Structures are given as C-alpha cells and as structure tokens.
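Please look at the sequence and the structure before reading on.

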Amino acid sequence: ILPTCMDLPLAIENNSTILTGSIVSTTWTIGGATYTGHDPQDVYLGAYGSSSFQVSMTSNHGCTTAESGLFYVAAVPVASFSYTVSCENTPVPFVSTSTIPEGTIASWEWSVGDIPAGSGPSIFHTYNDNDGAQMRLLVPSNHGCDTEVTQDVLIRPVPDLGISHGLACEGTEIVFFGTAELDYGGVTSYGWQFGDGTIEMGAQADHLYASAGTYDSSLTATTNLGCSATLSDQLEVYPLPAAAFLADVSETCGNEPFSLLDLSSVDAPSEITAYAWYMDDVPVSTEPSPTLLAPGPGLYAIRLVVTTDAGCTGLTYEPAVIQVYPVPSAGFGLEQNQASMSNPVAEIVDQSSDDVVNWHYDFGDGHAASFTSGQHEYAAWGDYTITQVVTNGFGCSDTTTRRFNIQEEALANELAARFYLN
C-alpha cells in the first residue's frame, strides 16, 4: 500500500504471484476493516498517520499465505482564508487561515479564476469591479496532499465621476459641476482641488482663477461606505481681453459722423473676434472701429464689449464721451418759382427752424447774401439753384436748395399769350 492522502482512496498494488495454479481468493485487513479482492478499490482510511495491514491469499489447491506491513496516510490541509472588505481599485488584504493536523503546509497559491494572484500566506489583490469578485486558495502539504477553497469577495463600489464646467476665463467666476454614479450606497461628500492651491466642498462649486494658464483640477467623492474616487481634469483658463477705445471728437453735431477707434488687446494666442458698441445702452455697431451718426442730440455714454475666439469678454464704459448738439432745420420758400427779365427778382421767405441764428444764401449766379427773408435780382435769364445754409447757436448747420428760373422776355410774352388764350 503506497503512501496516500487522507482524502484519497488507498493506492493498493498487489504484485503477488504463484508458480503453478492460481490465486483464488484474497482477504485484506486494513484499519480494522476487511476487504476482499486482488486490488480493493475505493478504500478510504479515516485517520492520518502510520497504519498496518494484513493480506492473506489462497490458491486453487487450498494453499494459503499471508503478509503484513505498514503504510502511511498523510493529513490533508484544511484550506481557508479571511480578508478585509475593501473598495474597488483598492488593494484587498487576504490572509490564509489554513491548517493541517499533521505535517506542514508547503505553499499557498492564490488565484482569481485561472489568473494567478500571488503566493505566500498573505497577499494583496486589487479588484476593478465589485460584480462577482472571488478568490481561490490552493494549499498543498509537505506530503503533496492539497486542498482548495473559493470564496466570494465583497467589494464595495466606488463612484464613477464626471466633471463639467462653464467657460473658463481669468478673473471670471466659473461654475463646476460634479456627478457620481454608484451601484449602491450614496455619495456623502465632494471635494474639489482647482490646481491653484484652493479647495472647495460640494457637488457644485464656484471658483475664480486670477490668471490665465493650464490648471490640473480634480474632484474627489466619498461614499457612505467609505470608498473614494478621484477624477482629474486639465483646465485651460483663457485670458480676458482689455477693452479700450478712443473717440475722434468730444463734441459734434447730429448730422456729422464721428469715429470710434478700437484700442482693445488680449494676450496671445487668443484673438479678439467680435465687437459690440453701444450708445446709451442702444446697440449701434459690430465693426472694430465704426464711423457713426448719433440718433439724436444729447450727452452719450459709450460702451464697448469685445469677445475673444475662446468666448471670453471684456468691456469698457465711458459715461460721458460725446456731446451731440441738435441740428437746425433749413427751409425757405419762393413767392414764385420763375420770373422774366422784365422783373428778374427772387422773393425768398425763410421757413427754417426757430433755433437758427445765422442764414446764408447762395443764389447760384456768383452772388451770396446773409438775411432771414429777402430778395435777389438776377442779371441774366436761366435756371438757378438757390442754396440756404442755416446755423444754430451750437455751430451746427443744415442746407437746403430750391430751383428758380428766369425766362427771356420774348418767351415770357409768348407763354403769357398762351395763357391768356387758354
């Protein structure tokens, strides 16, 4: 009987022979039990250590013989282990608690499924998923007897994190949003690190970066089971543009265009890509340096908002930039639109606005005069354009024209005759 392990059937090898005849019966006494057969199978001995056996055989002639001896049954280890419940992505400590009543445990072989996880009486193993986690321990003895145990491992989930935030511009408050998905349990705390030495607590956090640049921010969330996860996010904070402008005049008349010169700037590589100009909060242009007409008289505030290619905005506001004065209204009438050379006089009647303080007329024949209402005598027949230029007390002016015709005497008589006949 060969040495064997206690959990295995005895390895009985009967090599007995007889010169003539045959062996017709064999009786074994093993551990106080009797078995028959040449090589008994499935014989187990419920104890470890050295034991004795006796075998007797009888031939077909009735001759008998007997033999006795010792054999050894090795103890089998009892495989077991303990572990500390841990979180996903965290090393879990496993400690063998296996025992053997006789002999020694020769090694400890750990595995997860078919993948080796380590060796030795204790190991650490990290699980990346809390679903269906197991650990298997195989312990052989110094006699080659082994046993194994497989145990489900409770792994607590860590939150699956997400980070979102608004546009990141220097000097502007940015709102950070944190999200966490969890198989079970709940998140009890959120902590932000913004990469500039400041921290903030809460799923939502507001933060202002004092200067542009690249920052390594992170969000850490902890569950009610004590498991934590951290998600890093590299954040690019863009520079703010500095809005500035210069007006080409500080006073002007309502009918005179003025220009606003953009002087805004932003640190490279950002570029200013959009402009918005306002006069007293009324949008007036989106050009970089526009030329404008005021919508009416008054003291106008100018606001310029500039936007970069990253979407960062800067503005400047000047409360009293341009004084726009009212424009007078030119106007005059003629007693008649034509005359003859017998009386080549244009009778002018002023119809301009009440704020006019100065009137000037150009009669189109090389002569001019300054009066409110009056007359002008022409020296030759023809078509003339009479131009009136009026100016108010602010120095603002307006212009209007009328056509006036002087006919030859013969043509005038003919037209008069036709009129008489009609």
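## Ser285 and its surroundings

A polar atom of the side chain of Ser285 lies 3.0 Å from the backbone nitrogen of Glu287. Such a polar contact is a pair of N or O atoms within 3.5 Å, where, within protein, one must be able to donate a hydrogen and the other to accept it, and where residues adjacent in sequence count only if both atoms are side-chain atoms. The model is predicted, so that local features need pLDDT of at least 70 and side-chain atom pairs count only at pLDDT 80 or more, while totals for chains, interfaces and linings use all residues. Residues are numbered from 1 along each chain as its sequence is written, and side-chain values use heavy atoms, with hydrogens and water left out.

Ser285 belongs to strand β26, residues 282-285; helices (H or I, at least four residues) and strands (E, at least two) are DSSP runs numbered from the N terminus. Ser285 counts as buried because its relative accessibility is 13%, where buried means under 20% relative accessible area, exposed over 50%, and partly exposed in between, with a 1.4 Å probe and protein chains only. When neighbours within four places in sequence are left aside, Ser285 is in contact (heavy atoms within 4.5 Å) with Tyr275, Ala276, Trp277, Pro290 and Leu292.

## Nonpolar cores

The largest nonpolar core has 19 residues, and those with the most contacts inside it are Phe245, Phe258, Leu260, Trp277, Met279, Ile302 and Ile322. The elements that give two or more residues to this core are β22 (245-247), β24 (258-262), β25 (272-279), β28 (298-308) and β29 (313-325). A nonpolar core is here a set of buried Ala, Val, Leu, Ile, Met, Phe, Trp, Tyr and Cys residues joined through side-chain atoms within 4.5 Å.

Phe245 touches, among residues beyond four places away in sequence, Leu260, Leu261, Asp262, Leu263, Trp277, Ile302, Leu304, Thr316, Glu318 and Val321. Apart from this core lies another, of 18 residues, among them Ile174, Ala221, Ala229 and Val237.

## Loops and backbone geometry

In the loop between β24 and β25, where Pro269 lies, the peptide bond from Ala268 to Pro269 is cis, with omega near 5°. Asp280, in the loop between β25 and β26, has a positive phi of about 50° although it is not a glycine, and at 40% relative accessibility Asp280 counts as partly exposed.

Asn89, which is likewise not a glycine, has a positive phi, near 65°; Asn89 lies in the loop between β7 (86-87) and β8 (91-96) and is partly exposed, with a relative accessible area of 46%. Gly311 is found in the loop between β28 and β29 and is partly exposed at 30% relative accessibility. Although Gly311 and Thr273 are 38 residues apart in sequence, their C-alpha atoms are 9.0 Å apart in space.

## Thr4 in strand β1

Thr4 sits in strand β1, residues 4-5, and is buried, with a relative accessible area of 9%. Not counting residues up to four places away in sequence, Thr4 touches Pro9, Leu10, Tyr72, Val73 and Ala74.
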